[in-house]
Number of protein chains: 2
Amino acid sequence: MKKLLNDPADFVDEALEGLLLTHPGHFAADERNPRVLVRKGGTPAGQVGIVTGGGSGHLPLFLGYVGPGLASAVAVGNVFSAQSSDAALAAIRAADSGAGVLVLIGNYTGDRLNFELAADLAEAEGRKVRIVRAGDDVASAPPERAGDRRGVAGIVFAYSCAGAAAARGDTLEDVVAVAERTIAVTRTMGVGLSATVLPTTGRPSFEIGADEMEIGIGIHGEPGRVRGPLRPADDVADDLLDSVLAELGLGPGSRVAVLVNGLGATSPEELYILARRVHHRLAALDVEVHRTLVGEFATSMEMAGASISVLALDDELTALLDAPADSPLVPRGL
Amino acid sequence: MKKLLNDPADFVDEALEGLLLTHPGHFAADERNPRVLVRKGGTPAGQVGIVTGGGSGHLPLFLGYVGPGLASAVAVGNVFSAQSSDAALAAIRAADSGAGVLVLIGNYTGDRLNFELAADLAEAEGRKVRIVRAGDDVASAPPERAGDRRGVAGIVFAYSCAGAAAARGDTLEDVVAVAERTIAVTRTMGVGLSATVLPTTGRPSFEIGADEMEIGIGIHGEPGRVRGPLRPADDVADDLLDSVLAELGLGPGSRVAVLVNGLGATSPEELYILARRVHHRLAALDVEVHRTLVGEFATSMEMAGASISVLALDDELTALLDAPADSPLVPRGL
């Protein structure tokens, strides 16, 4: 295992400690639960709090999306494991400044169940809590079972738009609506070239041949759609983009935001080569690219691979996406 | 070779094309040399222009450091190969708004020779040009041959401080002095855990065993000081930090900036584990950490590993480091 770590059992807690020492002006640890980080200063009074959470090993997901214009608190699980329900409840409590809390998470069973339990307990305390799950990964289920789809890098757009809605003072119902509307018009498709090794087991998350790639693979190594020989970047970009565009109904004059996301070991140069192809393809369709994000926004430790996400924009989502958002862990494009 | 690319011969040019399509408001291509990128709008009138350049494969180095508060133009070479003297000259011309040009590069033979030739030609055109070379890598030569040392991630501090000096209107001599002074108090030491594969050859940049690490390795795989079994992160951090601190003469009350840099495949979690140890060590020495940068600031494509840089701050360097700098490729900490 080629990782810089001490006792694997301490991997997450030591990383959190380093994070807090590095960014003392941005994050604070929750007073009662060390697996909860909050935005320094908390949710501004009267604003809806946004909470997220999930397994570790995906930085800047999830905790990197805590900050002004983004989430207020995050519950942190072990590597590739759901956050606990205790942490989920502590994060909801920490984020609630009285206007209610949106829990915005990826659609994974453990993450969902523990946040549902926490939301029930929080509501029993008189808090208003709503849960919205991102399921942008088109490879993970067919359109007729879209509710079963996993959340991957496209959740970044939901953090940005819902975070901006909360920051401008929208009610909980309105922030929920923005999150749901953003997710409804976001699609992602990824490709994996190599596996990641889990710190606790020292074993790869999946097996893949030296010349193979897997289209549609999940960020924990969940099986994708097609495994085959590695092909040229333009072909791979076309494959990913075709799957994404097939469900968005874009045409001449449509406006989109694009995220070309690196899974960990893939270089920025390669991501820009993919972005180049995406721009050419969308220009040929007469689709306007309002903004392109290129970088590591949702990773799987040292996994090689990438994903392409597209968000179909309207005027309101454009304005929300363009509103300020700040976190030291997220590339500057957001 | 597990890379997303088309014809390897097009790797750099396609990445540049994608970069320009992604960041149209930030970069522009030089009109006469496609291997030169300039800051959109050019060097503000009356300001010293800063030029950098070098081989590709190190993003965000070098071109990511073009932007307000940073460099004005960059000359881009092939992967791990120096920029041409033609590109170097075009970059100097593009950056010169009349107040002269600082060429700020890493200390590598090819980069240096081609920029020296370009500077001679530019001076023959009546331009004022000065070259400053960063040589922060303590592993690459002993202190008595510090002039032979390679430049690695610590050059980031020089971009920031010299860029801020240029932005506030310093003369060329003063910007040069700031760059030299920053480099004189910056030290870096790295560790490599795995090699990168070169797009054009498909071969790894060096060989290393499955359980080995190499302390002091260069960002192109240049030999380091010690190769041995991979050790716990805290031991590695201590090794790197000890080498860096040995030459900086820090004591109680000293103030520093720290850069924990990932070489490509090492996860942010691991970098924060290293940052944690660095903070503990510096706190024990009663050294104040003014700012910590954690992330990928200077990479070697998919190489696993990290480096630790320390900049010894005085009041002026602190103010320059804190001045605004902007590039979409550089993590937000800078």
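**Close-up views of a two-chain predicted model**

**View 1. Helix α2 of chain B sits largely enclosed by the rest of the structure.** Eight of the eleven residues of this helix (residues 85-95) are buried, where buried means under 20% relative accessible area with a 1.4 Å probe, protein chains only. Helices here are DSSP runs (H or I, at least four residues), strands are E runs of at least two, and both are numbered from the N terminus. The buried set comprises Ser85(B), Ala87(B), Ala88(B), Leu89(B), Ala90(B), Ala91(B), Ile92(B) and Ala95(B). Look around them and you will find their packing partners in chain B: strands β2 (36-39), β3 (49-56), β4 (73-79), β5 (101-106) and β6 (129-134), together with helix α3.

A note before moving on: this is a predicted model, in which local features need pLDDT of at least 70 and side-chain atom pairs count only at pLDDT 80 or more, while totals for chains, interfaces and linings use all residues. Residues are numbered from 1 along each chain as its sequence is written, chains are lettered from A in the order in which they are written, and side-chain values use heavy atoms, with hydrogens and water left out.

**View 2. Asp111(B) is buried yet has no salt bridge.** This residue belongs to helix α3 (residues 109-124) of chain B. A salt bridge needs a side-chain nitrogen of Lys or Arg within 4 Å of a carboxyl oxygen of Asp or Glu. Here, the nearest side chain of opposite charge is Arg112(B), 9.5 Å away; Lys and Arg count as positive and Asp and Glu as negative, with His and the chain ends not counted. Beyond its neighbours within four places in sequence, Asp111(B) has contacts (heavy atoms within 4.5 Å) that include Gly53(B), Ala82(B), Gln83(B) and Ile105(B).

View 3. Lys2(B), Leu4(B) and Arg332(B) supply 21% of the area that chain B buries against chain A, more than any other three residues. Six salt bridges are found across this interface. In one salt bridge, Asp326(B) pairs with Arg332(A), with the closest N and O atoms 3.6 Å apart.

Methods. Buried < 20%, exposed > 50% of the residue type's maximum accessible area, 1.4 Å probe, protein only. Buried area = accessible area lost by both parts, 1.4 Å probe.
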